[in-house]
Amino acid sequence: MGIAAHDGADRADQLLGVTERLTILIHEEIEALKKGRLDASTQEWSEKEKLAHAYRVEMSEIRRDPSRLEGASAEQRTTLQAAVVKFQTALEIHAEALSAMKDVTEGLVQSISKEVAATRAAPAGYGAAGKVSSSPMSGQGVAVNTRA
């Protein structure tokens, strides 16, 4: 669903409001990422999703039909363009922060899994020739003759 506007000036004003609010929400998310406190239950996820959808729809409609902004003043257009640039910059920073968080998380998971694998590895067992085998035991049963 896009923006319901009366004319190009109204559309520009509403799109400016959406863009500015999205920029604020993205900056808040960046700060939460930096602090390691990004939690879906505490953020404005629903609002951000709705605004992002409206922004995407409206921008694609304007690209398809630039006359949708007819009636917007030169000042409105300039202000909107500056807000879009600021928003796009915030999105780039946000993507970098998410990528860094992903790298850190993946590194932690790999380290933990390596540690778990090393801890669970069984000691070397004896092979068929009576020599210590370099491969870890598989954890299969061992037969013991108690009469010997």
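Reply: A4 counts as exposed because its relative accessibility is 65%, where exposed means over 50% relative accessible area, buried means under 20%, and partly exposed lies in between, with a 1.4 Å probe and protein chains only. This is a predicted model, in which local features need pLDDT of at least 70 and side-chain atom pairs count only at pLDDT 80 or more, while totals for chains, interfaces and linings use all residues. Residues are numbered from 1 along each chain as its sequence is written, and side-chain values use heavy atoms, with hydrogens and water left out.

A4 sits in the segment before helix 1 (8–35); helices here are DSSP runs of H or I with at least four residues, strands are runs of E with at least two, and both are numbered from the N terminus. Apart from neighbours within four places in sequence, A4 is in contact with D10 and Q14, contact meaning heavy atoms within 4.5 Å. Although A4 and E58 are 54 residues apart along the chain, their C-alpha atoms are separated by 9.8 Å.

Helix 1 and helix 2 pack at an angle of about 135 degrees with their axes 10 Å apart, the axes being lines fitted to C-alpha atoms, for helices over the stretch in contact, and the angles running from 0 to 180 degrees between N-to-C directions. That makes helix 1 oblique to helix 2, since angles under 35 degrees count as roughly parallel, over 145 as roughly antiparallel, 65 to 115 as roughly perpendicular and the rest as oblique. The contact is made by residues including L15, V18 and L22 of helix 1 and Y55, E58 and M59 of helix 2.

The axes of helix 1 and helix 3 come within 9 Å and cross at roughly 25 degrees, which makes helix 1 roughly parallel to helix 3.

What lies between these helices? The largest nonpolar core has 20 residues, and those with the most contacts inside it are L15, V18, L22, Y55 and L80; such a core is a set of buried Ala, Val, Leu, Ile, Met, Phe, Trp, Tyr and Cys residues joined through side-chain atoms within 4.5 Å. Helix 1, helix 2 and helix 3 each supply at least two residues of this core, and helix 1 gives the most, with 8 residues. L80, for example, touches A12, L15, L16, T19 and L69, not counting residues up to four places away in sequence.
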